[in-house]
Amino acid sequence: MSDTDLIKLYSGRILALAADIPHHARLKGPQASVKKRSPLCGSTVTVDVNVQDGRITAFGQDVKACALGQAAAAVTGSAIIGCTLNDVETARDALRAMLKSGGPVPAAPFDGFEVLEPARDYKNRHASILLSIEATFEAMQQAAQSDCA
(Lines give C-alpha, C1' and ligand atoms only; values in the text may rest on other atoms or scores of the structure.)
Protein backbone atom coordinates (compact mmCIF):
# COMPACT_ATOMS: atom_id res chain seq x y z
CA MET A 1 0.00 0.00 0.00
CA SER A 2 1.54 3.30 -1.08
CA ASP A 3 1.35 6.53 0.92
CA THR A 4 -1.08 7.93 -1.66
CA ASP A 5 -3.35 4.90 -1.27
CA LEU A 6 -3.33 5.33 2.52
CA ILE A 7 -4.22 9.00 2.22
CA LYS A 8 -7.18 8.10 -0.03
CA LEU A 9 -8.27 5.32 2.31
CA TYR A 10 -8.24 7.52 5.41
CA SER A 11 -10.56 10.18 4.01
CA GLY A 12 -11.78 13.16 5.98
CA ARG A 13 -15.18 11.48 6.42
CA ILE A 14 -13.60 8.36 7.92
CA LEU A 15 -11.48 10.42 10.29
CA ALA A 16 -14.50 12.52 11.32
CA LEU A 17 -16.52 9.37 12.08
CA ALA A 18 -13.60 7.90 14.03
CA ALA A 19 -13.45 11.02 16.17
CA ASP A 20 -17.17 10.97 17.04
CA ILE A 21 -18.34 7.45 17.91
CA PRO A 22 -21.94 7.37 19.21
CA HIS A 23 -22.62 5.32 22.34
CA HIS A 24 -18.90 5.11 23.10
CA ALA A 25 -19.33 4.24 26.78
CA ARG A 26 -20.05 0.82 28.28
CA LEU A 27 -23.51 0.21 29.75
CA LYS A 28 -23.95 -0.41 33.45
CA GLY A 29 -25.58 -3.83 33.89
CA PRO A 30 -26.17 -4.78 30.23
CA GLN A 31 -28.21 -7.83 29.29
CA ALA A 32 -25.34 -9.02 27.10
CA SER A 33 -21.73 -8.09 26.37
CA VAL A 34 -19.36 -9.33 23.69
CA LYS A 35 -15.70 -8.52 23.16
CA LYS A 36 -14.22 -9.13 19.72
CA ARG A 37 -10.57 -8.83 18.69
CA SER A 38 -8.94 -8.75 15.30
CA PRO A 39 -5.91 -11.06 15.55
CA LEU A 40 -4.20 -9.39 12.60
CA CYS A 41 -4.05 -5.84 13.95
CA GLY A 42 -5.05 -6.21 17.61
CA SER A 43 -8.10 -3.95 17.34
CA THR A 44 -10.76 -4.70 19.95
CA VAL A 45 -14.38 -3.74 20.40
CA THR A 46 -16.57 -4.54 23.39
CA VAL A 47 -20.31 -4.12 22.84
CA ASP A 48 -23.04 -4.01 25.49
CA VAL A 49 -26.74 -4.25 24.67
CA ASN A 50 -30.08 -4.10 26.35
CA VAL A 51 -32.96 -5.53 24.34
CA GLN A 52 -36.69 -5.22 24.86
CA ASP A 53 -39.34 -6.80 22.65
CA GLY A 54 -36.60 -7.97 20.28
CA ARG A 55 -35.16 -4.48 19.67
CA ILE A 56 -32.02 -2.81 20.98
CA THR A 57 -33.03 -0.21 23.55
CA ALA A 58 -29.58 0.64 24.91
CA PHE A 59 -26.16 0.23 23.34
CA GLY A 60 -22.63 0.92 24.48
CA GLN A 61 -19.27 0.16 22.98
CA ASP A 62 -15.64 0.44 23.94
CA VAL A 63 -13.60 0.75 20.75
CA LYS A 64 -9.85 0.37 20.59
CA ALA A 65 -9.26 0.12 16.88
CA CYS A 66 -7.70 1.78 13.86
CA ALA A 67 -9.52 4.68 12.22
CA LEU A 68 -11.39 2.29 9.91
CA GLY A 69 -12.60 0.17 12.83
CA GLN A 70 -13.58 3.31 14.70
CA ALA A 71 -15.46 4.66 11.67
CA ALA A 72 -17.33 1.36 11.32
CA ALA A 73 -18.18 1.47 15.05
CA ALA A 74 -19.50 5.01 14.56
CA VAL A 75 -21.78 3.89 11.73
CA THR A 76 -23.00 0.95 13.81
CA GLY A 77 -23.59 3.15 16.86
CA SER A 78 -25.52 5.76 14.92
CA ALA A 79 -27.88 3.20 13.37
CA ILE A 80 -28.31 0.55 16.06
CA ILE A 81 -31.00 1.74 18.49
CA GLY A 82 -34.31 0.10 17.62
CA CYS A 83 -32.77 -2.62 15.46
CA THR A 84 -33.74 -6.28 15.66
CA LEU A 85 -31.45 -9.30 15.52
CA ASN A 86 -32.48 -9.77 11.89
CA ASP A 87 -31.63 -6.12 11.08
CA VAL A 88 -28.16 -6.53 12.58
CA GLU A 89 -27.58 -9.87 10.86
CA THR A 90 -28.62 -8.41 7.50
CA ALA A 91 -26.32 -5.40 7.98
CA ARG A 92 -23.41 -7.61 9.07
CA ASP A 93 -23.81 -9.92 6.09
CA ALA A 94 -24.15 -6.99 3.67
CA LEU A 95 -21.07 -5.25 5.07
CA ARG A 96 -19.08 -8.47 4.79
CA ALA A 97 -20.26 -8.93 1.18
CA MET A 98 -19.46 -5.29 0.36
CA LEU A 99 -15.90 -5.73 1.62
CA LYS A 100 -15.12 -9.26 0.50
CA SER A 101 -17.06 -9.79 -2.74
CA GLY A 102 -17.91 -6.34 -4.12
CA GLY A 103 -21.51 -6.42 -2.91
CA PRO A 104 -23.65 -3.31 -2.58
CA VAL A 105 -23.58 -0.95 0.38
CA PRO A 106 -25.81 -2.17 3.24
CA ALA A 107 -29.34 -0.79 3.22
CA ALA A 108 -30.53 2.00 5.51
CA PRO A 109 -30.09 2.61 8.37
CA PHE A 110 -26.63 1.08 7.84
CA ASP A 111 -25.94 2.82 4.52
CA GLY A 112 -23.30 4.93 6.27
CA PHE A 113 -20.96 1.96 5.72
CA GLU A 114 -20.63 3.37 2.20
CA VAL A 115 -17.72 5.47 3.49
CA LEU A 116 -15.76 2.24 3.93
CA GLU A 117 -16.12 1.01 0.34
CA PRO A 118 -12.52 2.02 -0.53
CA ALA A 119 -11.31 -0.44 2.14
CA ARG A 120 -12.54 -3.44 0.13
CA ASP A 121 -9.14 -3.51 -1.60
CA TYR A 122 -7.34 -3.82 1.77
CA LYS A 123 -8.20 -7.29 3.07
CA ASN A 124 -6.01 -6.82 6.14
CA ARG A 125 -8.43 -4.09 7.30
CA HIS A 126 -11.67 -6.08 6.92
CA ALA A 127 -11.59 -7.77 10.34
CA SER A 128 -11.25 -4.44 12.15
CA ILE A 129 -14.11 -2.93 10.14
CA LEU A 130 -16.38 -5.88 10.96
CA LEU A 131 -15.69 -5.95 14.73
CA SER A 132 -18.47 -3.67 15.97
CA ILE A 133 -21.30 -5.11 13.87
CA GLU A 134 -20.18 -8.70 14.58
CA ALA A 135 -19.96 -8.05 18.32
CA THR A 136 -23.40 -6.43 18.22
CA PHE A 137 -24.88 -9.44 16.46
CA GLU A 138 -23.37 -11.85 19.00
CA ALA A 139 -24.53 -9.69 21.92
CA MET A 140 -28.07 -9.67 20.53
CA GLN A 141 -27.95 -13.46 20.21
CA GLN A 142 -26.87 -13.68 23.87
CA ALA A 143 -29.67 -11.35 24.94
CA ALA A 144 -32.21 -13.44 23.03
CA GLN A 145 -30.93 -16.63 24.64
CA SER A 146 -31.13 -15.12 28.12
CA ASP A 147 -34.75 -14.11 27.42
CA CYS A 148 -35.54 -17.75 26.60
CA ALA A 149 -33.86 -19.12 29.73
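Okay, quick definition before we start: helices (H or I, at least four residues) and strands (E, at least two) are DSSP runs, numbered from the N terminus. With that in hand, look at Pro109, which sits in the loop between α4 (85–101) and α5 (123–148). The peptide bond joining Ala108 to Pro109 is cis, with omega about 10°.

Now some housekeeping. This is a predicted model, so to speak of local features we need pLDDT of at least 70, and side-chain atom pairs count only at pLDDT 80 or more, while totals for chains, interfaces and linings use all residues. Residues are numbered from 1 along each chain as its sequence is written, and side-chain values use heavy atoms, with hydrogens and water left out.

His23 is not a glycine, yet its phi is positive, about 55°. You'll find His23 in the loop between α2 (12–19) and β1 (32–37). Asp53 also isn't glycine and has a positive phi, near 55°; that one is in the loop between β2 (44–52) and β3 (55–64).

So, buried or exposed? Here "buried" means under 20% relative accessible area, "exposed" over 50%, and "partly exposed" in between, using a 1.4 Å probe and protein chains only. Asp53 is exposed at 76%, and His23 is partly exposed at 34%.

On to cysteines. Cys66 is partly exposed at 23%, whereas Cys83 is buried at 4%.

Last topic: salt bridges. We call it one when a side-chain nitrogen of Lys or Arg is within 4 Å of a carboxyl oxygen of Asp or Glu. The whole-structure search gives nine. One of them pairs Glu138 with Lys36, closest N and O atoms 2.9 Å apart. That pair links distant parts of the chain, with Glu138 in helix α5 and Lys36 in strand β1, 102 residues apart.

Now go to helix α4. Glu89 and Arg92 are both there, three residues apart, about one turn of the helix, and they form a salt bridge at 4.0 Å between the closest N and O atoms. Arg92 also meets Asp93 in a salt bridge, 2.8 Å from N to O. Through shared partners, salt bridges join Glu89, Arg92, Asp93, Arg96 and Glu134 into one network. Within that group, Arg92 is buried at 13%, while Glu89 is partly exposed at 30% and Asp93 is partly exposed at 33%.
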